Amino acid sequence: MSAARHFDLPAVVGRARACLLGLALGDALGATTEFMTPQEIRARFGVHRKLVGGGWLGLRPGQVTDDTEMSLCVARAVAARSGWNLEAVADAFSAWLRGRPTDVGDTCRRGIRAYMLHGRTEAPPGRWDAGNGAAMRMAPVALLTLGDDALLVRLALAQAHLTHNHPLSDAACVAVGRLIHRAMCGEGLPGLTCVARELAAAHPELDYRAYDGKAGGYVAETLRTVLHFLHATGSFHDCLVGVVNQGGDADTTGAIAGAVAGALYGLESLPRPWLGRLDPAVRAELWALAEPLVRLSPLGRHLP
């Protein structure tokens, strides 16, 4: 993170806000096309590029789903405790689930219920748990661990194992965190490419260069989609539009791509029409939570 040491606190907080708001924008944009095929999207929208809501969940324009909501749970728990506490994160997930959210994945529901009923904070290894439900909520963890890769790995796996315990999910969570770290410290696309190639060397299933157009909930498809469009485009807008027009699990691919691209391109890159339609309460809370996450991080504690 040496490049980031040339930043001051306001600059890093600005990128952190872009990361969190980018996550929500990608979620809200992608929710419209979730479970659609690219052909169905073209027939209905031509190119889907507006926050219009709808989708299979029948959302309001700018409304977010579990991707943003679970990320908010993590961020709130950290801010409330002024640091990391796994039980506080699990309690926040539990309160969220009791509130009957609009959507929740089966693996997330099963893990949260196990905590609610038995106090379990680590799901047993599961051969079918290579979904993207842990990777989608990594943005707050990445911001909290800025400047410390070992801490990132430890907290990424801790939060992931509340619900998902699978080697590919673990690798994806760490990779998303590292992508955000590299983007936050101004390394640009070359820094992200280094992360992607290290990931592919360890887990060939996650190699974005083998992208086949599939964008489902399997975490390998999710990461390949995100990384493909980060490399194939040159702006926040184009990256997000490319990702969500692949359909599949578009709210989650959109959320992860939005978090990384937001950190990469910064606040000024976020389209004003999208921000204007994003749920105002969500927008305000994400904006407010970015600063405490950065201030609590190892990097933030040393920034002027």
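Visitor: Which residues does S71 touch, not counting those up to four places away in sequence?
Guide: S71 touches L23, M136, R137 and P140, with contact meaning heavy atoms within 4.5 Å. This is a predicted model, where local features need pLDDT of at least 70, side-chain atom pairs count only at pLDDT 80 or more, and totals for chains, interfaces and linings use all residues. Residues are numbered from 1 along each chain as its sequence is written, and side-chain values use heavy atoms, leaving out hydrogens and water.

Visitor: Is S71 buried or exposed?
Guide: S71 counts as buried because its relative accessibility is 3% (buried is under 20%, exposed over 50%, partly exposed in between, with a 1.4 Å probe and protein chains only). S71 sits in helix α3, residues 66-81 (helices are DSSP H or I runs of at least four residues, numbered from the N terminus).

Visitor: What does its side chain reach?
Guide: The S71 side chain gets to the backbone oxygen of M136, at 3.4 Å.

Visitor: And where's S82?
Guide: In the loop between α3 and α4 (86-98). S82 has 52% relative accessibility, so it counts as exposed. Its C-alpha is 8.6 Å from that of L293, though they're 211 residues apart along the chain.

Visitor: New topic: how do α1 and α14 cross?
Guide: The axes of α1 (residues 9-31) and α14 (residues 280-296) come within 8 Å and cross at roughly 135°.

Notes
Axes are lines fitted to C-alpha atoms, for helices over the stretch in contact, and angles run from 0 to 180 degrees between N-to-C directions. Helices (H or I, at least four residues) and strands (E, at least two) are DSSP runs, numbered from the N terminus. A polar contact is a pair of N or O atoms within 3.5 Å; within protein, one must be able to donate a hydrogen and the other to accept it, and residues adjacent in sequence count only if both atoms are side-chain atoms.
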